[in-house]
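Please keep the sequence and the coordinates at hand while reading.

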Amino acid sequence: MKIKNIAIVGGTHGNEYTGVYLIRELNKAQFQKKWEGLNIELLIGNPKAYEKCVRFIDHDLNRSFTKKNLADFSLSGYEANRAKAICQKLGGKDDPKMDFIIDMHTTTSNMGVSIIISDNNDYNFKLAAYIKTKIPECNIYYMPAASYADDNEHSFLISMAAFGFAIEVGPIANGIIRHDINKKTKKVIHATLDFINQTNAGINPVINDTVEVFKHRKTVAFPKNKDSDISAIIHENLQDNDYKPLKKGDSIFSTMEGECIAYDEDEELYPVFINEAAYYYKNIAFSLTEKITVNTKNGLTEK
């Protein structure tokens with residue numbers, strides 16, 4: 001198998017400026033010419049939302065790529081139409097023009113460098129293991145559709161190709177650009193394309209036999225009062241502790257009355273996207289993951 005056609009997308013969420021800036025920077029540097037043998041498409045996902053510095057205009061573009069939605073021309077709204085335009089450019093799920101998609105994102109949470117994989121296939125996990133060897137601090141977040149969307153199909157933009165992932169780098173505020181965040185994002189892109197070039201040439205890149213992965217389990221909502229207002233905020237002991245173990249009795253929320261709400265589950269899990277600004281409208285305080293070990297030789301197997 002060879003990966004030839006690659007899309008690199010930025011600005012899927014309009015107020016995440018890093019991706020848009022990097023698309024323009026890579027275009028200016030004639031980035032595609034530096035990777036001989038690869039057909040690289042650089043794309044700004046949601047230009048209208050970017051112009052207004054908002055996550056989306058009518059609907060989250062990164063939740064718009066199900067087959068049903070892409071086939072439904074009665075759907076109104078900017079993102080519904082934009083998703084179809086992107087589908088025309090990148091190909092549909094049943095006839096993709098792209099072999100691989102990288103979707104660049106940023107987060108207000110303390111996630112560091114994270115790559116989000118939505119499909120369980122050997123290539124994605126071997127690539128993730130390779131990135132981990134080049135960027136040891138990188139976290140791998142596996143988000144299967146069944147655990148995230150209660151379905152067998154993802155609505156993410158990266159689901160438009162058989163292979164790929166989303167990059168999440170943070171913390172960074174929405175609507176700004178930071179040099180360090182740009183450098184970290186580019187480092188992931190270069191490691192990815194290096195891996196693809198090596199495998200295309202028949203070379204087996206050096207990776208560890210196993211890799212640590214955080215598998216999505218569920219989201220946790222903010223507590224609300226009878227008027228549906230948030231009645232407790234993220235506790236200071238939880239804030240900024242993404243990917244760190246959460247144990248029974250640990251503080252997770254602090255109420256207006258100064259009372260502590262503790263994590264009351266027996267299972268030790270790992271929170272991510274803690275206090276993410278983009279999820280307040282969904283009333284999501286954070287997500288919980290389990291830490292598993294992926295065998296890079298045999299696919300997704302737990303140890």
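## Backbone and packing in a predicted model

Asn283 has a relative accessibility of 14% and therefore counts as buried, the cut-off being under 20%. The model is a predicted one, and in it Asn283 is placed in the loop between strands E11 and E12, with a positive phi near 60° although the residue is not glycine. Phe273 lies in the loop between strand E11 (270–272) and strand E12 (284–295), and this residue, which is not a glycine either, has a positive phi of about 50°. With a relative accessible area of 3%, Phe273 is buried. Such values deserve a remark because most residues other than glycine have a negative phi, and most peptide bonds are trans.

The peptide bond that joins Gly170 and Pro171 is cis, with omega at about 15°, and Pro171 is found in the loop between strand E6 (163–170) and helix H7.

| Site | Angle | Value |
|---|---|---|
| Phe273 | phi | about 50° |
| Asn283 | phi | near 60° |
| Gly170 and Pro171 | omega | about 15° |

Helix H7 (residues 179–200) also meets helix H5: their axes come within 10 Å and cross at roughly 125°. The two helices are therefore oblique to each other, and H5 passes H7 in a right-handed crossing. On the H5 side the contact is made by Tyr123, Lys126, Leu127, Tyr130, Ile131 and Lys134, while H7 contributes residues including Lys187, Val188, Ala191, Phe195 and Ile196. By class, the residues of this contact divide into 8 nonpolar, 3 polar and 4 charged.

The loop between helix H5 (122–134) and strand E5 (139–142) holds Glu137, which is partly exposed at a relative accessible area of 48%. Glu137 and Val113 are 24 residues apart in sequence, and their C-alpha atoms are 7.0 Å apart in space.

As for the interior, in soluble globular proteins nonpolar side chains tend to be buried together. The largest nonpolar core of this model has 48 residues, of which Ile6, Ile8, Ile40, Phe100, Ile131, Phe165 and Leu193 touch the most other members. A second, separate core consists of 30 residues, among them Phe65, Cys87, Met98 and Phe273.

Terms used: Residues are numbered from 1 along each chain as its sequence is written. This is a predicted model: local features need pLDDT of at least 70, side-chain atom pairs count only at pLDDT 80 or more; totals for chains, interfaces and linings use all residues. Side-chain values use heavy atoms; hydrogens and water are left out. A nonpolar core is a set of buried Ala, Val, Leu, Ile, Met, Phe, Trp, Tyr and Cys residues joined through side-chain atoms within 4.5 Å. Buried means under 20% relative accessible area, exposed over 50%, partly exposed in between (1.4 Å probe, protein chains only). Helices (H or I, at least four residues) and strands (E, at least two) are DSSP runs, numbered from the N terminus. Axes are lines fitted to C-alpha atoms, for helices over the stretch in contact, and angles run from 0 to 180 degrees between N-to-C directions. Angles under 35 degrees count as roughly parallel, over 145 as roughly antiparallel, 65 to 115 as roughly perpendicular and the rest as oblique. A crossing is left-handed if the near helix is turned anticlockwise from the far one by less than a right angle, and right-handed if clockwise. Contact means heavy atoms within 4.5 Å. Ala, Val, Leu, Ile, Met, Phe, Trp, Tyr, Cys and Pro count as nonpolar, Asp, Glu, Lys and Arg as charged, and the others, Gly among them, as polar.
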